[in-house]
Every structure is written in structure tokens, then in C-alpha cells.
Amino acid sequence: MTEEKSSTALDRSDSRVRHDEGIIGAVRAFMDRIRSGDLGMLPVAVGLVLIATVFTSLNPVFLAPNNLVNLLFDAAAVGCISLGVVCVLLLGQIDLSIGSMSGLASALMGVLWVKMGLPVPLAILAALTAGAVTGLVYASFLNRFGMPSFVSTLAGLLALLGMQLYLLGSTGSINLNYNSALVRFGQILIMPAWLSYLLAILPGVVSVTMGLRAMRRRAEANLSNPGLSVLLAKAGLLTVALLIAVSYLNTGRGVPYMFGLFVLLVVIMNYALTRTKWGRSMFAVGGNSEAARRAGINVNRIRLSAFMLCSTLAALGGVLSAARLASSSQQAGTGDVNLNAIAAAVIGGTSLFGGRGSAWSALLGVLVIQAISNGLTLLNLSSSLRYMITGAVLAIAVIVDSLARQSRASHGRA
Amino acid sequence: MASNQSITGEPILRLHGVSKQFGAVSALTDIDLDIHAGEVVALVGDNGAGKSTLVKTLAGVHQPTAGSIEFMGKPVTLDSPGTALDLGIATVFQDLALCENLDVVANLFLGHELAPWALDEVQMEVRAWTLLQELAARIPSVREPIASLSGGQRQTVAIARSLLLEPKVIMLDEPTAALGVAQTAEVLNLIERVRERGHGVVLISHNMEDVRAVADRVVVLRLGRNNGVFDADTSNEELVAAITGASENSVSRRRARKLEEMDQSS
């Protein structure tokens, strides 16, 4: 796979290490990772196949293109909230008030926009600011008083819900204008087919160009490369999968812009977490906060950023769900929103114990969670059963997380 | 009590009357310590003598209750580990302070990554390999998480990290405790190389052989207080006496008993 060099590559001098090269090597390394408890996306893939088979056999509508388009519309709001949860989970913290925060944000936006007549962008901005301030309060409680986030956000859950009810007053709900851009964005707006195909090709193209650039730089620095074939195979598989998905959705209504916005946020977050100093610091604080402090990282500031991002994204999720439902109501953000968002992050592979995870887990996990909730709705099950099933799924996800963690520990991987 | 050969110039780091209290416990009382450029100061003492506390105070992990610290002739306040690192005081902690979930490269550059907005992984990996090769380290892969490394490998990574920022003073808290024979020799070589570059080194060790091999001065702490400064060629008995606080101590008694037994058997 790699060209013979006059001297061995800088990172290939230790003869004890097996170096996996080429496609077969990549597959072997993948199997090793799975066996040692580094499950990656495997639970999600298995879960999605399982869910799709079960629900399709019960109700064939489940896999209909337009149902999947609806699923994507619904996924965007919870997905945004879940993306924020990933940030706090990475630090080994938790935010239990994300549901209430999203409800408060939707109420605040509704009141400012419909009742007080503010322009929509200002109303949204106010809602997001409320989110940022809430995160700031949680982080200060943790940094100043050492108050565990579990407790402070539990208190926040009630306090924010109270504010939501207070804002909405006795009427209990505010209807948003159906013809407004925001509601159209939340219910109708679909990408034109050409744009969706273009966006489906983009990830493959970008990964090949970036990969080639990295390979060239590594070769110049006398470091080994995993091989061109692996890169091309990965990019090829990704592009084919995305093209099939998009063309299937396009036989229905198409890809919602709102889902596109969510994916864009995930991509930005992924870059921030993996390619910036801030992201590195997040993982370090989550892995060993004292070691991070001694390495000169400002742990308090990292915590502040994580909690502010989490609450702000929860507020954005609230705005999106208000747009989706065309109303700000007392029910917004209550019920299973909280747990769905946390479950999505965990199912997607972000550990509850801190220091492990990725932005993609929000996207993958929310697809699983939404597929379950969508399927159960199609079956016309009462919410009592739906809550029980979703609860069971969350329990399973956490058990898988714990088992994988133990397995990693026994295989000498963090 | 022998004093050292004259070392010229101002000390890089000067402690005067430093004390540290944890509640009712005085971990350090009135410590004076000078560290000059190009010298290795060994810090020895029994368990609980305050060696690690002193190192943590200089690393900015603990703040002293009283006393003053001067760095390059200027009084400084080491209020956080970041401040100490920025001044040029690097530390290898006894517990190593590594993040087990991150790989070797990430740990080496933690807090000082190249290109903070678009991490330069290639450059960092190259730097990591060169640094580790300088230490003759046997690290199989720098892209494995620290959790998969052995104790000795972790210690090498921690030492490599302290060298990364070209510090003026390096403090090593039991750097050879988990190392094999070859790596111990490499670390001692390294300490000498660092000294030749004109940096100051503070070495904490229980291994008197290591201490005498590289140290220019041996500073003894006992129960949180200065208990004398010695030459490297001071005899073992004298050092042990200073560490335990008496020429009549458990070590000397044991030796006397052994000698007696040998006399009787012969």
C-alpha cells in the first residue's frame, strides 16, 4: 500500500506493533476495536436496522419516503438539544434542564414575537440569549460553589418550567403565524433536488481532498499513511450511501432545510471538538480535570463554554420545535424531550462518564430515538406505552455504554 | 555540613521563608531554596517531609501560605499551573497528571497545541516522535490512548511533556520510580543534558544512587523544614542521618545489627 522508503517511517520503527495497512488492515483494525469495546457507530447501525425491520413489518408506512421526511423534520429540534448535551457529557457533567430550557425559549420567542410584536430575528436572539445566560449560571454554580451540575440543573428544570408557565400566562399557548418564514421553515421548506444531491456528494469530495492533503504532508514528514485505498473506499461508501438516501427522500417531498441546518451545526461542532484547541481541552477536562488544570488549561472557562453551548443549543431546539408545531405552548419541552435528547447522545456513542464522544453521536442517536418515537406513533400506541419503551431504550443504551467502558478498561483503552 | 562549590550568578528560582498549611497541618515551614542555572538540586527527605508539596507549590498547584518566590530576580505569584508553565517552570508530577482518554501526542501538547484553530497534527506527531526518541523511549504508537501504556511508558511521556516547552527549570518528582534500567539511565543522561543547556533541575528521588549520580547539591527536608544542604559526594550515612534527623536511626541500627550478626557468624 505504501511506497517503500529508504528508511522506515518515523512511527513504524517499533517492531512489536502490528501495523494495519490497506483495506484488509482497516477491516482488521475495526474488528479489534469492536472486540475491545470501542463500539463506535455499531450500536446505532444495528439499532436502526432492527427498528426499521420491526416497524415496517408492523406498519409498512414507516419506510415510506414522506414518513422519513417527517421524521427528519422532527429530528432537527431534538437533535439540536442533543448536540448541546454532547458538550456537557464530554466533561462528565449533565444538564437535566434542557427540556425546560427549550420550552422556555419557545415561550419567550412566542411572547416577544406574537404578543409584543418584536421582529422574529430579535425574538429568536432573545431566546438564545436566555439560553446562554442559563448556562452561565450553571457553570458559575459549579465553578464557584462546586455545586454538582446534576443538582443545579435539576433545580433549573423546575425554575425554567415555572418561568415558561409564567410567561405563557393563563391562556397556556400562543399560535404562531402559519405564513411566517419561521413556521414555513419548520414545516414546509424543502431543499431543491439539485442542492440535496450536491450536499450528498460534498462530504465524500471533502474527505478525499483533505485526506490527500494529510497524506502528502505525512509523507513529507516521514510518517506512515493508512493508504489511499482505505481513504477512497471510505469516501466511496459514504457518497453512495448518502446518494441513495437523498434520492429515496426525493421520491417523497425531499430533504428539509431544517434538517440541513441541524447537520450543519453538527459538522461545525465536530470540527470544533476534533480540530481545535478548545475541543482538545474539552476531552482533557472530561478525562482528567486535574491533569488538564496542571497542563495550564483554564478548566473553569472550558466548563463555562460547555454549559453555555448546551443551554443555547437547547434554546435553539425550543425555537425549532415551536416552528415545527406552529405554537408555543405549556407542553413544549415537557414530557420525554429531556430524556430523548440525553438518550440520543448516549445511544450515538457519547459516554455518560466523560471524555469520550463526538458531535456525530447527536445526529446518529437522534435518528434512532426519532425512528422509535415515529414508529410508535404510527402504531397508535398510547403515550403510556411509548414512555415505557423509550425508557427501556435509554436503559439499554446506558448498559451498553457501561459494558463497553468496562471492556475498554480491561483491554487497556480509556 | 558541607556547602557546595560556588555557583556564579543570580539564581533562576529563589524561595524565601515559604510555608504551606493544610488546615492544622504545616506541610512546609520557612523553606529557603535557591536553584541556579545549570545545576541539579536533589530534594530528599522521608515520606511526609514535604517534597511533593514544595514541588506542587512551585508548579502553581498549591499556593503558599507565607513566604516569597523570586523567578529570574523578580518576585512572582504562582497562582495557577498555567502561570508557572508560562514562566518556564515545568513539572513532572508524581501521579504524572496525564489524560488517559487522550493519545500520546494530545497529552504531550495538552494546553499548548500547535495552531489552536486548526490543529497541526502532522507537525505535533513529528515533534512527539523526535522528543520520545531523544529519551530513548519505547512507545509503540503515539496514536494510542495513554490508558494502553505501561507505567514506565507513561512516565516517559510525562517527562517528554515537561521538555516540550523548553523550560528554564524542570522539576521531576520521582521520575525514575517506574522506569527500567535503560530508561533510568536515559533519564539521568537527560537530566545532565538539561543541565548542560543551562537549565535548572530539581530532582526528587528516594534512590540515593540516582541522586548522587547527577546532583550538584542535595537539599534535605525533614518534617517540612530545611535540614541541611550537602555535596553530592557526601556519604550515605550523613545523608540518612539528615533525612531521619539523627545519626542514631533505624537505618544505622539495622546496619549495626547486620554487622554484629556477621561478626558472630564468622
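**Figure 1. Helices α10(A) and α11(A) pack at an angle of about 70°, in a predicted model.** Helix α10 covers residues 257-275 of chain A, and its axis lies 5 Å from that of α11(A). The axes here are lines fitted to C-alpha atoms, for helices over the stretch in contact, and angles run from 0 to 180 degrees between N-to-C directions. The two helices α10(A) and α11(A) are therefore roughly perpendicular to each other (angles under 35 degrees count as roughly parallel, over 145 as roughly antiparallel, 65 to 115 as roughly perpendicular and the rest as oblique). Look for A272(A), L273(A), T274(A) and R275(A) in α10(A), which meet W278(A), G279(A) and M282(A) in α11(A); residues count as in contact if their C-beta atoms, placed from the backbone, lie within 7 Å. By type, the residues of this contact are four nonpolar, two polar and one charged. For these classes, Ala, Val, Leu, Ile, Met, Phe, Trp, Tyr, Cys and Pro count as nonpolar, Asp, Glu, Lys and Arg as charged, and the others, Gly among them, as polar. A reading note for every view: residues are numbered from 1 along each chain as its sequence is written, while chains are lettered from A and ligands numbered from 1 in the order in which they are written. Since this is a predicted model, local features need pLDDT of at least 70 and side-chain atom pairs count only at pLDDT 80 or more, whereas totals for chains, interfaces and linings use all residues.

**Figure 2. Helices α15(A) and α16(A) pack at about 155°.** Here residues 360-378 (α15) and 383-410 (α16) of chain A have axes 11 Å apart. The pair α15(A) and α16(A) is therefore roughly antiparallel. Their crossing is right-handed, meaning that the near helix is turned clockwise from the far one by less than a right angle. From α15(A), the residues I372(A), S373(A) and L376(A) meet R386(A), I389(A), T390(A) and V393(A) of α16(A). Four residues of this contact are nonpolar, two are polar and one is charged.

**Figure 3. Chain A touches chain B through 31 residues on each side.** On the chain A side, the elements that give two or more residues are α8 (193-220), α11 (277-287) and α12 (289-294). This side divides into eleven nonpolar, seven polar and 13 charged residues. Chain A as a whole has 16 helices and two strands; helices (H or I, at least four residues) and strands (E, at least two) are DSSP runs, numbered from the N terminus. Its radius of gyration is 23 Å, close to the 22 Å that the globule rule gives for 414 residues, so chain A is as compact as a globular protein of that length. That radius is taken over C-alpha atoms, and the globule rule is 2.2 Å times the number of residues to the power 0.38.

**Figure 4. Four strands of chain B make an open sheet in the order β2-β1-β4-β5.** The pairing is antiparallel, where two strands pair if DSSP finds at least two bridges between them. At the edges stand β2 (25-35) and β5 (74-76) of chain B, each with a single partner strand, so one side of each is left without a neighbour in the sheet. Direction ignored, neighbouring strands are turned by 30° against each other on average. Strand β1(B), residues 13-22, is joined to β2(B) by seven bridges, and L15(B) has L33(B) in β2(B) as its bridge partner. Helix α1 (residues 51-58) of chain B lies across β1 and β2, running at about 65° to β2(B).

**Figure 5. An open sheet of six strands in chain B runs in the order β6-β7-β8-β3-β9-β10.** Its pairing is mixed, and the twist averages 20° from one strand to the next. The edge strands are β6 (89-92) and β10 of chain B, each with a single partner strand, so one side of each is left without a neighbour in the sheet.

**Figure 6. Strands β9(B) and β10(B) form a hairpin with two residues between them.** Five bridges join β9 (residues 217-222) to β10 (residues 225-231) of chain B, and the two strands run antiparallel. Within the pair, V218(B) has F230(B) as its bridge partner, and R217(B) stands opposite D231(B). At the hairpin, L223(B) takes a positive phi near 50°.

Terms used: Two residues are in contact if their C-beta atoms, placed from the backbone, lie within 7 Å.
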